[in-house]
Amino acid sequence: MEQVAAGRRLLDAGANRDDLVLPARAVAYEAVFSAVDELDCGGDVNVSGVDVGWVVMESGEDGASTGRPLAGLHEDLLTMDPSGRDGADLWR
């Protein structure tokens, strides 16, 4: 937070650091969730009449595809919270 000029000014003005960090983390989570959810959709749901899309595939240690698609990535996002809280603190 201190590296961002606006964050530094808010902290210098007496803002609570946790109150500044929490919304930034929530916005970052929402951005990643939206991107991963788009990957999970397999195509642009906002475009009609287009029969193309994509799939996220698992790869082995050698980088070669295993042939197994990965699905539900957006659903697993909170389980990867390094704090172990599954993002529960983002909306407290």
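Guide: Of the 92 residues in the protein chain, 17% are buried, meaning under 20% relative accessible area with a 1.4 Å probe and protein chains only, while exposed is over 50% and partly exposed is in between. This is a predicted model, where local features need pLDDT of at least 70, side-chain atom pairs count only at pLDDT 80 or more, and totals for chains, interfaces and linings use all residues. Residues are numbered from 1 along each chain as its sequence is written, and side-chain values use heavy atoms, with hydrogens and water left out.

Visitor: What's the radius of gyration, next to a compact globule of 92 residues?

Guide: The protein chain has 19 Å, whereas such a globule would be near 12 Å. That is taken over C-alpha atoms, and the globule rule is 2.2 Å times the number of residues to the power 0.38. The C-alpha trace spans about 55 × 35 × 25 Å along its principal axes.

Visitor: And what pattern does the chain follow along the sequence?

Guide: α-α-β-β-α, with three helices and two strands. Those are DSSP runs numbered from the N terminus: helices are H or I with at least four residues, strands E with at least two.

Visitor: Tell me about α2. How far does it reach?

Guide: With 25 residues, α2 reaches 36 Å from first C-alpha to last, close to the expected 36 Å. The expected span is 1.5 Å times one less than the number of residues.

Visitor: Which residues in α2 are buried?

Guide: Leu 20, Leu 22, Ala 26, Tyr 29 and Val 36. Their cover includes α1 (5-12) and α3 (73-76); contact here means heavy atoms within 4.5 Å.

Visitor: How many aromatic pairs are there?

Guide: One. Tyr 29 and Phe 33 pair up tilted, 5.8 Å centre to centre with 35 degrees between the planes. Rings of Phe, Tyr and Trp (its six-membered ring) pair if their centres lie within 6.5 Å; planes under 30 degrees apart are stacked, over 60 edge-to-face, the rest tilted. Both residues sit in α2, four residues apart, about one turn of the helix.

Visitor: Why does Phe 33 count as partly exposed?

Guide: Because its relative accessibility is 23%. Tyr 29 has 15%, so Tyr 29 counts as buried.

Visitor: Switching topic: how do the strands β1 and β2 run?

Guide: Antiparallel, with three bridges joining β1 (residues 56-59) to β2 (residues 65-70); strands pair if DSSP finds at least two bridges between them. Met 57 has Pro 69 in β2 as its bridge partner.

Visitor: What's in the turn of that hairpin?

Guide: Five residues lie between the strands, and Gly 63 in the turn has a positive phi of about 90 degrees.
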